[in-house]
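Have the viewer open as you read.

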Amino acid sequence: MVERYVMSIDQGTNSTRCILFDHHGRLVSVAQREHQQHFPRPGWVEHDALEIWRNLQRVVPEALSVAGIAAGDVVAIGLANQRETTVLWDRLTGAPLGRAIVWQDTRTAPLVEEFRHRPGDDFFLERCGLPPSTYFSALRIRWLFDHVNGLEQRAKDGEVLFGTMESWLIWNLTGGADGGLHITDATNASRTMLMNIRTLTWDEELLTFFGVPRPMLPGIRPSAESYGDARTVLPGIRITAALGDQQAALFGQTCFSPGEAKCTYGTGSFLLLNTGTDMVRSRHGLLSTVAYKIGDQPPVYALEGSIAVTGALVQWFRDRLGLISSAPEIETLARTVEDNGGCYIVPAFSGLFAPRWRSDARGVIVGLTSYITKGHLARAVLEATGWQTREVVDAMNADSSVALKQLKVDGGMTSDNLLMQFVADVLDVPVVRPMVAETVSLGAAYAAGLAAGFWPDLEVLRRNWHRAAQWLPDMDPERRESEYDNWQRAVERSLGWIKPPRRT
């Protein structure tokens, strides 16, 4: 019997990866290429969409070559992508209309402040489950219309297409300007502030409010469904799944039941809790989002806590301060001391995301004394990730009828045992890591394989999940709450640092 495979394309913030998985969910081969990060002004973050498309064209044949297989051995393709990053391109030529504006970009801060007062958060939360934030795509479209001459009229005339990265890549894979599919899935659409989170359709009131013409928007499809065949790179191979990267990680962690949660620790960290087919509207600063939609089945929803800076804080410690030469060294340095020495770091480099959503916050280091060493700073860097996770979990427990009993984790930071033990300690629940660390790619593969009949049902996918490591809580409760109180006082000192800029 000929072995068959599912291909996952993970278009992330820093790189594009192509991974092949076999029927047991095992990683067979991987190819990866980084793309350039552009920072043209303070707070601006951009990517070259054409560079990312070229990288996809390179990593796919590389992954096939490493595995020693032909394109015909691939059953289906699934895509996962950095969410909210906004690409506009010319419908006729396929050329991007400038660089993509990345989810980390904060240029829309003046719009956020304006919309928070007109018409207010509830208008948006009721329709799309999201508060106004620099995080989401609709504000970037509005900003581009306000700052690029003639762009809004061209969009009204049907000359301009919008998409997040999966839309851009699927459009190119299926023919581009020569009849390419202009589609998105419900998870990515739920991050635009333009989709009605209950009907999973573009919301007329939101489109009118932001002034976004419907012809520029992709069609909204399920996360797992046969979209069509690729016409380039892998001609004839079906594209059967697309999910935002964090929803893909939830799927890859097989968190299919209400109350199951995962946290992906990367540049930022994203904690998602499955709430089932009930859309839970958060009252404590979390996002209501679509977790996944399989074919014609009802959508599954999630509560999400998005933390802007976790792994990025380690990178700052390495690259800007020069206190370590590689990211793994931070654990070694942190272990040279017993505790943080009373020092706390709040990494609000571009404001705070969940559960506070304060774009006026900026990073602070508090509790400095002459006693503090670089070891204490290293420990404070790691602990910042743990305390931010605690804030999100507390909000989830307040919103959800079921308290978190276990946290599944993935991402590069989970290799830091000191950090993972600290997360278990401050949450007071077990923290577990799976055998397959590439859960974003695995989730996209699982969804694609389900839609293609490669796997029959979710239960088979559950049986593929195996635990690689576990950390159990071991912190004195009194110390836990005392330290958490210190952390919260540190966060209060980060707020109100930036005055809202005037809109230009």
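This is a predicted model: local features need pLDDT of at least 70, side-chain atom pairs count only at pLDDT 80 or more; totals for chains, interfaces and linings use all residues.

Residues are numbered from 1 along each chain as its sequence is written, and side-chain values use heavy atoms, with hydrogens and water left out.

Start with the largest nonpolar core, which has 142 residues. A core here is a set of buried Ala, Val, Leu, Ile, Met, Phe, Trp, Tyr and Cys residues joined through side-chain atoms within 4.5 Å; buried means under 20% relative accessible area, exposed over 50%, and partly exposed in between, using a 1.4 Å probe and protein chains only. The members touching the most others are M193, L194, F210, M216, F251 and L407. The top contributor is helix α12 (residues 374–399), with 11 residues. Helices are DSSP runs of H or I, at least four residues long, numbered from the N terminus. Apart from this core lies another, of 35 residues, including L79, M165, I170 and A242.

Now zoom in on M216. Leaving out residues up to four places away in sequence, M216 touches L88, I141, F145, A155, V160, L161, F162 and H182, where contact means heavy atoms within 4.5 Å.

Next, helix α9 (residues 245–252) is mostly covered, with eight of its eight residues buried. Among them are D245, Q246 and Q247 as well as F251. Just after α9, T254 takes a positive phi of about 55°.

On to the helix pairs. The axes of α1 (residues 49–67) and α6 (residues 165–173) come within 11 Å and cross at roughly 60°; axes are lines fitted to C-alpha atoms over the stretch in contact, and angles run from 0 to 180 degrees between N-to-C directions. The two helices are therefore oblique to each other, since angles under 35 degrees count as roughly parallel, over 145 as roughly antiparallel, 65 to 115 as roughly perpendicular and the rest as oblique. On the α1 side A49, L50, I52, W53 and L56 meet M165, W168, L169, N172 and L173 of α6.

The axes of α2 (residues 109–117) and α4 (residues 137–147) come within 10 Å and cross at roughly 115°, so this pair is roughly perpendicular. Here L111, V112 and F115 in α2 meet L139, R142, W143 and D146 in α4.
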